[in-house]
Amino acid sequence: MPRPIETIWTDMAALAEYLTPEAVTILDCPSKAEALSALAAHHVGVHSQVDLAELTAAIHQREKLMSTGIGQALAIPHVRLSSVKSATISVALNRRPLDDYESLDNLPVRLLVLIVAPAGKHEIYLQLLSQVVAALKADDVRNAVMQAEAPGTIFDAFLKGQP
Amino acid sequence: MNAASSLVGLAGVHLPMLLVFSLALFFGTVGGRIFQRLRIPQVVGYIAIGILVGRSCLNLIDEQMIARFQPVGFFALGVIGFMIGGELKLDVFRKYGRQLIITLLAEGLGAFVVVSLLTTGLSLLFMEWHHAVALGVVLGAIASATAPAATVDVLWEYKTRGPLTTTVFALVALDDGLALLLYALASAFATKLTGQVDVGAASAILHTAYHIGGALVVGAVAGVGLNWLLRWTREYEKALTFSLGMLGMVIGVTRLLEMDMILAAMALGATVVNLAPRRSREAFDIMERFAPPIYVLFFVMVGARMTLGAMTGSLWLIALAYVAGRTGGKILGATLGARWAGMSGKVQKYLGMCLFSQAGVAIGLAMLATDNLGEPLGAVVTTVVTATTFLVQLVGPPAVKYAVAKAGEVGLEVTEEDLINDYKVGDVVDRQTPAFDQGTPLAQVLPVIAHTDATAYLVVDDERRLAGMLTLEGLKHSLASEGMWQWLLAFDVMEPVPDRATDEMPLREAITRMGEQNLDYLPVVQGEGDALVGMLEDRKLKRFLTREVIRRKELADEQAEPQTAGS
């Protein structure tokens, strides 16, 4: 059941502290591995304090344990790095459905939300995960993001829950 | 350097008193530690160091220095008396009073009779009969005394508990009184026999009654006073001051009035423990913590004052007869006494071996004999008692250790603090604590947590190395979003391990670390690879220690049961 719009707005207000318009991108990768690498590279391009090699290794270590594809075309790769001081988020919409993502519902993934948090900020890390999931589980928000064609539109849709 | 504050030691070197004091403490403790490593009671180590630096060897601590340390010796004996008094609980005497009196008389009189006969018989070879008999009865009376200090120090060191321990505590406490009484009678008889000033048996007994009875009164009155003071004292510092002050006063007053100092200190301890068994525990704890350096110093001085002097062949023979007679008499008397009293087989078998030590009272009585008997008999008594003390002080403590070990009473009188000091982390670690693979989804983690009572859970990698931990506090944040449980893993919610212990780490160190970092748990690993062993959890550890203390006490009490049945 869709959540009341007020609660989504509250969640989004918190997410806005960690997601900037530049951190949103559109990709056209053929596979999960390439999409994750491209998303990591984009994240480091925006947040230069994050080390690309460390980030890529951490993302792949987590994916090895279990896929972060949580269903409904959504994936949330998330890592904690001891080298970063603050939490950051990047969003990528892949034009091509990623069939090899091994999602929980076995359907292709299109939207990837990368959460990078400091190793010691356990509470914020879990809160961000929870808020991203809660926001994107709402059909209206998710549909708006999936149908966007430019990063700016995705950012607006992501934060405002409307196109 | 002030002549009053320094004394001439080896090669004319002046050693300040405080330096000697500190060196005696330091090297005494080192000696005790070395002997402990060799599985010999520490007290032998203290005495051995004393012998090394004393009159017999290096003469770093000479006669003058020993005299200056005499107050420390008095205080140490007072502390020991007080602690022994604390063991004399009325309910023990109500239960075992008859048995203890029978055993006391048997072991004391056993040593008295055997030593008297042997030394008299042997002395007849060297002196006239009336001198030989006088010497024999005086030595016999002195032989009945057992030194409480070195004996109970071993019992404390090895944390013993059980019927043998209870009996030894009671006997060494009562033994002094019996020895004083026997000495009073023997010296009255001897002085009459040798033609010295005849004080008369009645007068001697009266004097002894004053010596013993006065001490008991002084100790008991002080005990009532200390009990009253402790009732109104909450702070540790004040309780310490009152306890030490009262003990010091008892020692001083009995010295002034020429009463038995150890008996008075025992009466103080016994009064306090029986008036307020619970509240007085603090007074005894205080004394126990304060006492170790005093004991070390006391026993180093005991060793330092020992001297074999110029022993002639005949004196060696008498000394040998004294030791053999005393050892045989104590064992025979204790065995028969324990049997007549219906004590358990272990007490009958091992009690005698716990009663070899001889020190303060025996030497004190020997000194008195010099006054009572005059030369040359007095000198013979002093030399024989001093020389044999040298020997039995080295043999006595290991014999006590052997006896209590054979009786199965070692390590049963423990507190949680003792266990913490003795254990390594590997002895108490919970090896069954649940550990999650880092790829385990929360949906599988949470039911396990719901059915176990830990406050933290370990997370391991593929090679079972410690990767992190889950705490209830940390998990709280993920509980709200039930939808995430399917894909959120232990890896995602685990927190870094704040610290870790190893199997071999002393438990004391692990607990200190937990306290410093305010942790309720500490993961335990092995080797450099952090291979998981288990978890040390504060709550479970406390439960384990309490259970272990109770288990050991119950074991000791079970051993005590045959004694009751036999009575």
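A quick word on terms before the tour: a residue counts as exposed when its relative accessible area is over 50%, as buried when that area is under 20%, and as partly exposed in between. Keep in mind, too, that this is a predicted model.

Glu504(B) passes the exposed mark, with a relative accessible area of 57%. The side chain of Glu504(B) meets that of Lys424(B) in a salt bridge, at 3.8 Å from N to O. This pair links distant parts of the chain: Glu504(B) is in the loop between β6 (501-502) and α23 of chain B, while Lys424(B) is in the loop between α18 and α19 (425-428), 80 residues apart. Lys424(B) itself is partly exposed, at 37% relative accessible area.

Helices α18 and α23 of chain B have a pairing of their own. Glu417(B) and Arg508(B) form a salt bridge through their side chains, at 2.7 Å from N to O. Because Glu417(B) lies in helix α18 (residues 416-422) and Arg508(B) in helix α23 (residues 507-516), the pair ties together parts of chain B that are 91 residues apart in sequence. Both ends fall in the middle class: Glu417(B) is partly exposed at 43%, and Arg508(B) is partly exposed at 31%.

Now for a pair that crosses between chains. Where does each partner sit? Arg62(A) is in helix α3 (residues 52-65) of chain A, and Asp492(B) is in helix α22 of chain B. Their side chains meet in a salt bridge at 2.6 Å, N to O. Are these two buried or exposed? Arg62(A) is buried, with a relative accessible area of 0%, and Asp492(B) is buried as well, also at 0%.

| Salt bridge | N to O distance |
|---|---|
| Arg62(A) and Asp492(B) | 2.6 Å |
| Glu417(B) and Arg508(B) | 2.7 Å |
| Glu504(B) and Lys424(B) | 3.8 Å |

Over all chains, the count of salt bridges comes to 18. Some share partners: Asp461(B), Glu463(B) and Arg465(B) are joined into one network that way.

Let's zoom out to the interface of chain B and chain A. How many residues of each chain are in contact with the other? There are 17 from chain B and 17 from chain A. The area buried between the two chains is about 1,500 Å², and carbon and sulfur atoms give 69% of it. The rule finds one salt bridge across this interface, along with six residue pairs in polar contact, both at pLDDT 80 or more. On the side of chain B that touches chain A, the elements giving two or more residues are α21 (472-479) and α22 (490-493). By class, that side of chain B has eight nonpolar, seven polar and two charged residues.

Finally, a look at chain A on its own. Chain A has six helices and six strands, and along the sequence they follow the pattern α-β-α-α-β-β-β-β-β-α-α-α. Buried residues make up 53% of the 163 residues in chain A. Of the contacts in chain A with a separation of 6 or more, 71% come from residues 24 or more positions apart. The accessible surface of chain A is about 7,100 Å², with 55% belonging to carbon and sulfur atoms.

Conventions
Residues numbered from 1 in each chain as written. Chains lettered and ligands numbered in written order. Predicted model: local features only at pLDDT ≥ 70, side-chain atom pairs only at ≥ 80, totals over all residues. Heavy atoms only, no water. Contact = heavy atoms within 4.5 Å. Buried area = accessible area lost by both parts, 1.4 Å probe. Salt bridge = Lys/Arg side-chain N within 4 Å of Asp/Glu carboxyl O. Polar contact = N/O pair within 3.5 Å; in protein donor to acceptor, adjacent residues only side chain to side chain. Helix = DSSP H or I, 4+ residues; strand = E, 2+ residues; numbered from the N terminus. Nonpolar A, V, L, I, M, F, W, Y, C, P; charged D, E, K, R; others polar. Buried < 20%, exposed > 50% of the residue type's maximum accessible area, 1.4 Å probe, protein only. Areas by Shrake-Rupley, 256 points an atom, 1.4 Å probe, with all protein chains shown as cover.
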